Amino acid sequence: MVIVNDLKPGTAFEYEGNIFQVLNVDHNKTAMRQMIIKVKVKNLRTGVINEIAFTGGDKVEQAHVERKTMQYLYDDGVSLVFMDNDTYDQIEIDKSNLDWELKFLKPNANVQISMYESEILGVILPDKVELQIVECEQAVKGDTATSASKNAVLETGLEIKVPLFIQNGEMVVVSTADGKYSGRA
């Protein structure tokens, strides 16, 4: 058991049958009341972010979320197949649970899979990934009156804005947090 006063960002805990990861903690203490602790959390099963209010001294069960490196193999149409690098066991994760992550996954890429008591919670992407541009607009000379960027489609199907000097076939670095161009690879 963990006292909610000791929760810190990144801590995982179990509460009301769900598994949450702490994003932010706010302690509010007034002279005449007991401390109120507002915890901004992400539900690791559903991905929903919300806020839970506790009173000082409340306890929650700590959750031990495991991370395992696995290789993304292929998309079978309904689910994505991953292979454990150590045991060569394969697991499948429903494709509908990985809408955002699918935009950054390419075959044979190593990713972190988060698990809680053998329940697969999801894929943890690296901060940035390298992807190849398969299609991009031609830059028009003198077209810098507005923003100096153009549309590009990456090998995973993700559409991003890139600077005018980027060409077809180039490798670019993309942030997985917001899906934006971060630089050349």
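Okay, let's start with the largest pocket: 28 residues line it, and the ones nearest its centre are Lys42, Leu44, Glu101, Val123 and Ile124. Keep in mind that what you're looking at is a predicted model.

How much space lies in that largest pocket? About 840 Å³. If you're wondering how anyone finds empty space in a protein, rolling a probe the size of a water molecule over the atoms shows where it is left.

So what kinds of residues make up the lining of the largest pocket, by class? There are 13 nonpolar ones, nine polar ones and six charged ones.

And which element gives the most to that lining? That's E11, with six residues. Strand E4, residues 36–43, and helix H1, residues 99–102, each supply at least two residues as well.

Let's follow E11 into its sheet. This is an open sheet of five strands, and the order goes E9-E8-E7-E10-E11, with antiparallel pairing. The edge strands are E9, at 90–94, and E11, at 119–124, and each of those pairs on one side only. Going from one strand to the next, the twist averages 45°.

A quick reminder: strands of a sheet pair through backbone hydrogen bonds, and they can be parallel or antiparallel.

Now zoom in on E11 and its partner. Strand E10 covers residues 110–116, and five bridges join it to E11, with the two running antiparallel.

Who does E4 pair with? One partner is strand E3, residues 18–28, and the two are antiparallel over eight bridges. Have a look at two facing pairs there: Val25 has Val39 in E4 as its bridge partner, and Asp26 stands opposite Lys38 in E4.

On to E2, which is residues 12–15. E2 pairs with E3 in the antiparallel sense, over four bridges, and Tyr15 has Asn18 in E3 as its bridge partner. Two residues sit between the strands in this hairpin, and Glu16 takes a positive phi there, near 55°.

Definitions and conventions
Residues are numbered from 1 along each chain as its sequence is written. This is a predicted model: local features need pLDDT of at least 70, side-chain atom pairs count only at pLDDT 80 or more; totals for chains, interfaces and linings use all residues. Side-chain values use heavy atoms; hydrogens and water are left out. Two strands pair if DSSP finds at least two bridges between them. Axes are lines fitted to C-alpha atoms, for helices over the stretch in contact, and angles run from 0 to 180 degrees between N-to-C directions. On a 1 Å grid over the protein atoms alone, a cavity is a set of points where a 1.4 Å probe fits but cannot get out, and a pocket is an open set with protein on both sides within 12 Å along at least five of seven lines; lining residues have an atom within 4 Å of a point. Grid points are joined across faces, edges and corners, and a volume is the space filled by probe spheres set on the points. Ala, Val, Leu, Ile, Met, Phe, Trp, Tyr, Cys and Pro count as nonpolar, Asp, Glu, Lys and Arg as charged, and the others, Gly among them, as polar.
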